[in-house]
Amino acid sequence: MSTLSAEEKYRNFIPDESREYLEKLFADFKRTVTIEVYTAEGEHREYNEFTLNICRAFNVMSDKIKLHEYAMDSEMGKKRDIIATPTVLISPEEYDIRFLGAPAGEEGRALVESLNLASKGAEGISDSTKEILEPLEENRLIKIFASPTCPYCPGQAINAFKAAIARPDKISAWNVSTLDNENMAREYNVGSVPHTDINETVTFTGLEPEEKFMLQLLFLKPLEDVIEEQKAAKKNEAKASDTVYEDVDLVIIGGGPAGMSAGIYAKRSGLSCIILEKQGVGGQVALTPKVENYPGFTNIQGFELVEILGSHAREYTEIHQFAEVSDVKYGPRIEITTEEKVYRAKGVLLATGVNVRMLGVPGEDKFYGHGVSYCATCDGNFYKGGKAIIVGGGNTALTDALHLKHLGIETTIVHRGDKFRAEKVLQDSVNREGIEIIWNSQVTEIIGEDQVESARIINKDGTETIKDTDVVFVAIGHTANTELAEKLGVELRNDGFIQVDPTQRTSVERVYAAGDVTGGVRQIITATGQGAAAALTAFDDFTRLFEDTAQTEKNIW
Ligand SMILES: Cc1cc2nc3c(=O)[nH]c(=O)nc-3n(C[C@H](O)[C@H](O)[C@H](O)COP(=O)(O)OP(=O)(O)OC[C@H]3O[C@@H](n4cnc5c(N)ncnc54)[C@H](O)[C@@H]3O)c2cc1C
């Protein structure tokens, strides 16, 4: 019988399918990264062991990863202000990046990414993040509360790590595992992850696009407030000056995959164009943990794909971020209004995507993050041993219900119809697990004091019940962002998406639509394909409609 050496034992701690990837990643590290692990005997034994094993494994896999192990109450522990066992510090001589709690599951992804980022240093940080954080003068302590089953958590932790690397003199980034830091999670009133706390002054729930995150970190307030203040200031300035106009061939509204791909194709066809995006670039991809079905990338994190798509699009066209289109007016020149200026365009491409559909009932907004959630895999853990209601009848709703049931949560599905739209295998599993289903019913109110306590449910026959629950998970799909389309008089389909022909023309001449806002297969590949097709159609149309310069002058400009 052969006995494994300590080195082999640690190496085997990493599953085969990840080992090869990690070895390759670590081999490309430009600089050595130091890991310090702090543990206290007697507390959180399993978490300590897991953390030591994973860090020892990384250490034996690469000579560019140096590991030091300390007791929490050692001199070093005191010097580093260690407050939890286990705690992992990443290159602590340079940065304050730390993991409080065992980095298991999805948090393990965040750990790997923190090593990767630390190995690159400032070189791995985008110019826009550096620029945003450059004026920061006060210290910032970011705490990202995460859980091992939350696929969105690593993205938000990575935002924080990038900030800590961009401004190590001012910014600390902590990933706090809610699994083994329950008291801290309670103290910070965490009801949904990722939960971000900055300087115990502002909190955010959910994964945010990188630039939005950095701006909020700089201003120490929600971006919506910053934008409102800037709008007010601009309004005052605007009183003194005339409206600013800019003429352009094609205005693309939306900086998701459809808009970015359209920008590339429009510019390459010779059109002048601009992309207007109300948030940071990326659309839903910026909020996607992992993409495994975009050809050319077997497995890529959403934010990485956004960086690649964004920098490719910027090679060709200007992208104005945080430039919301508030109005559109159809005419020989279509006018597209943002806070800053009015664009006059030959054509407009609507690539405005979709938003998560909300219930729109009293209590939903109030309890978001405190018993109302849109991600069961992220937040299910908080309600172990409790009761949950899932609203919906599609694949997501049933998958969520099964996930919660397996966590030991008493789960009820409330569905407005009398049969599910979900795949048969999911329906069979739900039946097998004996999950309660309330058919033909809708949640009409979410009730509680500080936390959800119950939900009002109305049946089609008019009977009303108040059902006790600790959480309401909403899984009822998405709605298309069509306000601007409606202002332009564009025809919509029965299901609310924009009607387009195979070349992405809408019912209104010189108005095109692409991506999720047109319904159908809502994927990155289809959005980029439709964006490209729309730009080429616009080029064809403009050439045909405006080929005679004299006519162009007369009719359009
Ligand atoms: C959690 C999650 C996971 C996913 N996973 C995958 C996956 O693995 N593979 C895959 O192929 N697809 C996946 N998708 C779907 C994919 O992200 C979408 O199909 C794709 O992003 C659609 O691109 P889009 O450009 O049409 O729209 P969006 O990505 O929605 O972008 C639309 C943009 O328009 C902007 N906008 C809206 N109104 C205005 C306005 N008035 N002014 C200015 N800007 C405006 C929005 O801010 C947004 O950035 C996932 C989606 C989610 C939410």
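1. Basis. The model is predicted; local features need pLDDT of at least 70, side-chain atom pairs count only at pLDDT 80 or more, and totals for chains, interfaces and linings use all residues. Residues are numbered from 1 along each chain as its sequence is written, and side-chain values use heavy atoms, with hydrogens and water left out.

2. The disulfide. One disulfide (a pair of cysteine sulfur atoms within 2.5 Å) turns up in a search of the whole structure. C150 and C153 form the bond, with their sulfur atoms 2.3 Å apart. The disulfide is right-handed because the torsion about the S-S bond of C150 and C153 is about 100°. Both C150 and C153 are buried, where buried means under 20% relative accessible area, exposed over 50%, and partly exposed in between (1.4 Å probe, protein chains only).

3. Other cysteines. C55 takes part in no disulfide, and the nearest cysteine sulfur, that of C153, lies 19 Å away. C55 counts as buried because its relative accessibility is 0%. C273 has 7% relative accessibility and therefore also counts as buried.

4. The negative patch. E449, D450, E453, D468 and D470 gather on the surface in a patch of negative charge.

5. D468 belongs to strand 24, residues 464-468; strands are DSSP runs (E, at least two residues), numbered from the N terminus. With a relative accessibility of 49%, D468 counts as partly exposed.

Technical notes. Patch = residues over 30% accessible without salt bridge, like charges linked within 9 Å, V, L, I, M, F, W, Y side chains within 5 Å. Areas by Shrake-Rupley, 256 points an atom, 1.4 Å probe, with all protein chains shown as cover. Salt bridge = Lys/Arg side-chain N within 4 Å of Asp/Glu carboxyl O. Lys, Arg positive; Asp, Glu negative; His and termini not counted. Charge placed at Lys NZ, Arg CZ, Asp CG, Glu CD. Helix = DSSP H or I, 4+ residues; strand = E, 2+ residues; numbered from the N terminus.
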